[in-house]
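Morning, everyone. I have one structure to walk you through today. Please take a look at it before I start.

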Amino acid sequence: MEQKTHSDDLTKSSTEPMHEKTMIASSFSIDGDLVAQEDTLIQGRVDGSILVEKHTVRIGREGQVSGEILARKIVVDGKTDGQLSAKETVVLRKNAEVEGEILSPRVVMEDGCKFNGTVKMEGGA
């Protein structure tokens with residue numbers, strides 16, 4: 001029997017079922033900071049910082065974030081403009097459009113993603 005590890009979640013696309021507990025739907029727009037204590041999926045628009053230090057933040061295909069994101073893991077399949085700081089991993093999916101700085105000990109960029117900025121891979125954020 002194959003065992004599934006937590007890192008297998010990084011291989012999921014944003015169209016596959018998610019296990020996030022918090023979801024900002026595509027019809028939502030938030031102007032301000034977002035703080036969560038659980039995995040979070042952003043399908044709407046956030047203009048402000050997202051702080052989810054001990055969990056994963058996913059920016060879905062419809063998601064747009066303008067501001068800093070700080071999380072354990074960050075997976076982008078939508079658009080971001082700002083600093084992405086992850087303690088473990090940042091993943092840019094093939095549909096991602098990212099402008100800004102990435103700070104993470106591990107960065108994965110799929111073929112086709114659009115990235116304009118800098119990457120610093122010195123330890124966790």
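Let me begin with pairing: two strands pair if DSSP finds at least two bridges between them. Strands themselves are DSSP runs of E with at least two residues, helices are runs of H or I with at least four, and both are numbered from the N terminus.

Some ground rules. This is a predicted model, where local features need pLDDT of at least 70, side-chain atom pairs count only at pLDDT 80 or more, and totals for chains, interfaces and linings use all residues. Residues are numbered from 1 along each chain as its sequence is written, and side-chain values use heavy atoms, with hydrogens and water left out.

Now the overall picture. The protein chain has 13 strands and zero helices. Of its 125 residues, 42% are buried. Buried means under 20% relative accessible area, exposed means over 50%, and partly exposed lies in between, with a 1.4 Å probe and protein chains only. Next, contacts, meaning heavy atoms within 4.5 Å. Take those in the protein chain with a separation of 6 or more: residues 24 or more positions apart account for 11% of them.

Let's go to strand β8, residues 69–76. How many of its eight residues are buried? Eight of the eight, so β8 is largely enclosed by the rest of the structure. Who are its partners? Strand β6, residues 50–59, pairs with β8 in the parallel sense, over seven bridges. Strand β10, residues 84–92, also runs parallel to β8, joined by seven bridges. Follow one residue across. Ala71 in β8 is the bridge partner of Val52. Ala71 also has a bridge partner in β10, namely Ala86.

Is Asp77 buried or exposed? Buried, because its relative accessible area is 4%. Its side chain makes a polar contact with the side chain of Arg61, at 3.3 Å. A polar contact is a pair of N or O atoms within 3.5 Å; within protein, one must be able to donate a hydrogen and the other to accept it, and residues adjacent in sequence count only if both atoms are side-chain atoms.

Last stop, Val119. Val119 sits in strand β13, residues 114–120. Val119 counts as partly exposed, because its relative accessibility is 33%.
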